[in-house]
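Colleague: Could you take me through how to read an enclosed space and a helix in a model like this one? I would like the general idea first and then the case at hand.

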Amino acid sequence: MTHSDGVCPPPGRVDEEAMSATEFDASFTAYLPRLRRRLLALTGDPHEADDLLQETYLRLARRARERGLTRQRHPYAYTCAVALNLLRDSWARPSRRERATDRLPEAGWDGGLGSYEASATALALLRTLSEKEAAAVILVDLEGLSHDTAGERLGAHRGTVQRNRMRGLAKMRAVLGH
């Protein structure tokens, strides 16, 4: 920790007085870039380094607020030791270790891309059909109407709707190669 004049206390002199939260914040902020570089070099992951830096700050700030953090002869070294102990503890936690498994991970949310691609594919397939075939496929297969109800809406006989639907589905299968 540096004094208000920016000079570190001479080696061998340790103030046994508790460090205030304000003093701790000033000290930690001064060492922050240097400590982050060291943690980044150790972890190789900027996110993990930042998490570790935050955990170190929270651990020491809590002690400073409780007036349980004494002034250190070498505050950077002390802060590094705390950070390294936290890193070592994270390696020992089983939840942080990779585990081999024969199960595939769950499919994640793709932001709606799969749904969009499916809709685009369905529309492209429907464009290959005649108007009557497309109407029959949409009403029966997509909207779930019966052949009778679809026929009423289209002003056609039930058999005509069924025949147009079957032709439309056959054309779509041919395009897909099934």
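Predicted model: local features only at pLDDT ≥ 70, side-chain atom pairs only at ≥ 80, totals over all residues.

Colleague: How many cavities of 30 Å³ or more does a search of the whole structure find?

Modeller: The search finds 2 of them.

Colleague: Which helix supplies the largest share of the lining of the largest cavity?

Modeller: That share, 4 residues, comes from α1, and both α1 (21-43) and α3 (75-92) supply at least two lining residues each.

Colleague: What is the make-up of that lining by class?

Modeller: The lining of the largest cavity has 8 nonpolar and 4 polar residues, with no charged residues.

Colleague: Turning to the helix, which residues of α6 are buried?

Modeller: A residue is called buried when its relative accessible area is under 20% and exposed when it is over 50%. In α6, which runs over residues 147-154, the buried ones include His-147, Ala-150 and Gly-151. These three lie on the same side of α6 because they cover an arc of only 105° around the axis, whereas Glu-152 and Arg-153, on the other side of α6, are exposed.

Colleague: What covers the buried residues of α6?

Modeller: The cover includes α5 (131-142) and α7 (158-176). As for the backbone just after α6, Gly-155 takes a positive phi of about 70° there.

Definitions and conventions: Residues numbered from 1 in each chain as written. Heavy atoms only, no water. Buried < 20%, exposed > 50% of the residue type's maximum accessible area, 1.4 Å probe, protein only. Arc of directions from axis to C-beta. Contact = heavy atoms within 4.5 Å. 1 Å grid on protein atoms, 1.4 Å probe; cavity = no way out; pocket = protein on both sides within 12 Å on 5 of 7 lines; lining within 4 Å. Points joined across faces, edges and corners; volume = space filled by probe spheres on them. Nonpolar A, V, L, I, M, F, W, Y, C, P; charged D, E, K, R; others polar.
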